[in-house]
Structures are given as structure tokens and as C-alpha cells.
Amino acid sequence: MNPIYDKLINCLDQIHKITDFQPEVGLVLGSGLGGFGEKIKISSTVDYSSIDGFPVSTVAGHAGRFIFGYVGDVPVVAMQGRVHYYEGYKMTDVVLPVRLMCMLGAKKIILTNAAGGINTTFKPGTLMSLTDHITSFVPSPLIGQNIDELGVRFPDMTTVYDEKLRKILKDTAKSLDIPLKEGVYIQFTGPAYETPAEIRAARTLGADAVGMSTAVEAMALRHMGARVCAVSCISNPAAGLNKKPLTHEEVKETADMVSDQFQKLIYNSIINMGKEE
Ligand code: HPA
């Protein structure tokens, strides 16, 4: 068998020994949504470190666990903490947790992150629903022997971000009076923030926001046939658009500043996704 698929099945078995919870929606809690765990009526949690073979985040302050529980009546699994490529993991490990969420039964997945604003109309604190992405500057998580059990060798990526889920995000935001922009996300490896020249290049390529996660997760999920949507919290003007140097502290501060709105949007969107057949 494919060793990457072996590892997935092994991790899945370990989780199933702890819980038989059947999630409908999967959620990745990025910066600014860490507190969302408190909004979930928790049934059980599984620490990443308790799963043999599971990649554990090295970033300080990133708690690593799956939360199983309910948002309203909707059964969800949430990832509190994700791993990034810049931490040194293989791309197949970076996407292992989201693949597991899908294998656990979550066929609708919401990815979230903090991102730099390339589009100058997207000020810090703006929430942006992803319409598309550019992953050409990071290795594909699908490189290597194809996992036929998950999807085809050459998956279509015309519509990575599901139109119906995007509409739910948009309608939910409107009903809550939360401004929600739409745009294209570009993923770079990090961990250094970009140079101003890289940001100008990214803008020329059509990107509105930049970050170090999410797009490869979306690609791996799309390969599996999951329905994906994603929201970025614009935490800072991207490099060169502001006189101040970029810091992780600024990213965290802005993400925390809008976390109430962000949480409200995600909470109510999940409720509305649960109403979908
Ligand atoms: N660049 C890359 N990743 C980021 C940024 C940025 O400006 N802000 C938050 N994550």
C-alpha cells in the first residue's frame, strides 16, 4: 500500500479508538479563531501528540488538538492548531490532518487563516472569502505516487472553493452585517515574510492576499472530493505597503481584534451549512 495512505489509516484507527464521533463540518482554526473552541459544545478532544505519527506543531502558542462537538446541532470536528510547511514537515504531513477530517466524515470544510493584504483596499481587520488560489510557489501535496483511494492522479482544480459554501458565507455575513470581501489567496512557503518585490509580483499574478498555509490544504481536500471554503483575516498590509516592518505580533494583534466578528461569521455559517441537504 501507499505509505502515506498507510499512515492516514493508522492515524484514523487511533482516533476511532478514542471516539466514534461523526462530524459533518470540518474547521481549521487559524490565527484569530483560536478562541472558537469555546463556542463548540465539546463531546471529546484528541491531542495531536497522542496520535502516533501525527505531525505536531512547533509554533509556540499553537495548541494542537482535534475538538469533536456541536455548533448548534451541527456535528463538527475542529483543528485547534495546524502544521506549516516552514516548520520542516513534508507537504504530505502538512495536509495529513485535513485529510483525516475528511476521512472522519467531514465533507464540508472551512479553512481559516491570517493573511497579508496585497489588495490595497483590504485594510487590516478585513475578512476575505477565498474565490481561488495560487499554489505555484510551494510544492504540491499531491506529488508522489497517487493515493487512488482518495482521488485521481490529475484532479481538476477549476473550482477549489465550493460555490454553494461560498454563497452561505456571503449570505451569512450579509445577514449579520459583517463586511466580507472576496479574493484570491497566494501561498508562499515562509517563514520569512515576503519582500516588496515579491508582493508586487504576486499582485501582478492576481493575488489579493498572501499567507503560508491553507491553499495546499484546500488542494488536498479537493483531490478527495471534499467541499471547501476558506476565510482569511487580513492582519497586515503585505510587505512594502506599509512603512512598518512586519511582525508576528502585529498579525496576532489584528487577528485578535476582529476575532469576535470572525467567530460570529464562522459560527452562523456552520449553522447554515448544517441546514443544507
Ligand atoms: N505574509 C505571509 N503570511 C502572512 C502575512 C503576510 O504578510 N500576514 C499573515 N500571514
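How many aromatic pairs does the count come to? The count comes to eight, with rings of Phe, Tyr and Trp (its six-membered ring) paired if their centres lie within 6.5 Å. The structure is a predicted model, in which local features need pLDDT of at least 70 and side-chain atom pairs count only at pLDDT 80 or more, while totals for chains, interfaces and linings use all residues. Residues are numbered from 1 along each chain as its sequence is written, and side-chain values use heavy atoms, with hydrogens and water left out.

**View A. The aromatic pair of Phe21 and Phe68.** A pair of aromatic rings is described by the distance of the centres and the angle of the planes.

**View B. Helices α3 and α6.** Helix α3 (residues 96-103) packs against helix α6 (residues 215-223) at an angle of about 35°, with the axes 9 Å apart. Axes are lines fitted to C-alpha atoms, for helices over the stretch in contact, and angles run from 0 to 180 degrees between N-to-C directions. Val98, Arg99 and Cys102 of α3 make the contact with Glu217, Ala220, Leu221 and His223 of α6 (contact means heavy atoms within 4.5 Å).

**View C. The largest pocket.** Its volume is about 440 Å³, the space filled by probe spheres set on grid points joined across faces, edges and corners. On a 1 Å grid over the protein atoms alone, a pocket is an open set with protein on both sides within 12 Å along at least five of seven lines, a cavity is a set of points where a 1.4 Å probe fits but cannot get out, and lining residues have an atom within 4 Å of a point. Of the 27 lining residues, Tyr86, Ala114, Tyr193, Met212 and Val251 are the closest to the centre. Strand β5 gives the largest share of the lining, four residues.

**View D. The largest cavity.** The search of the whole structure finds one cavity of 30 Å³ or more. The largest cavity has a volume of about 50 Å³. Among the residues that line it are Ile4, Arg99, Pro141 and His223.

**View E. Two backbone features, at Pro191 and Asp177.** Most residues other than glycine have a negative phi, and most peptide bonds are trans. The bond from Gly190 to Pro191 is cis, with omega near 0°, and Pro191 is in the loop between β7 (180-187) and α5 (196-205). Asp177 has a positive phi of about 65° although it is not a glycine; Asp177 lies in the loop between α4 (163-176) and β7.

Conventions. Helix = DSSP H or I, 4+ residues; strand = E, 2+ residues; numbered from the N terminus. Phe/Tyr/Trp six-rings, centres within 6.5 Å; stacked < 30°, edge-to-face > 60°.
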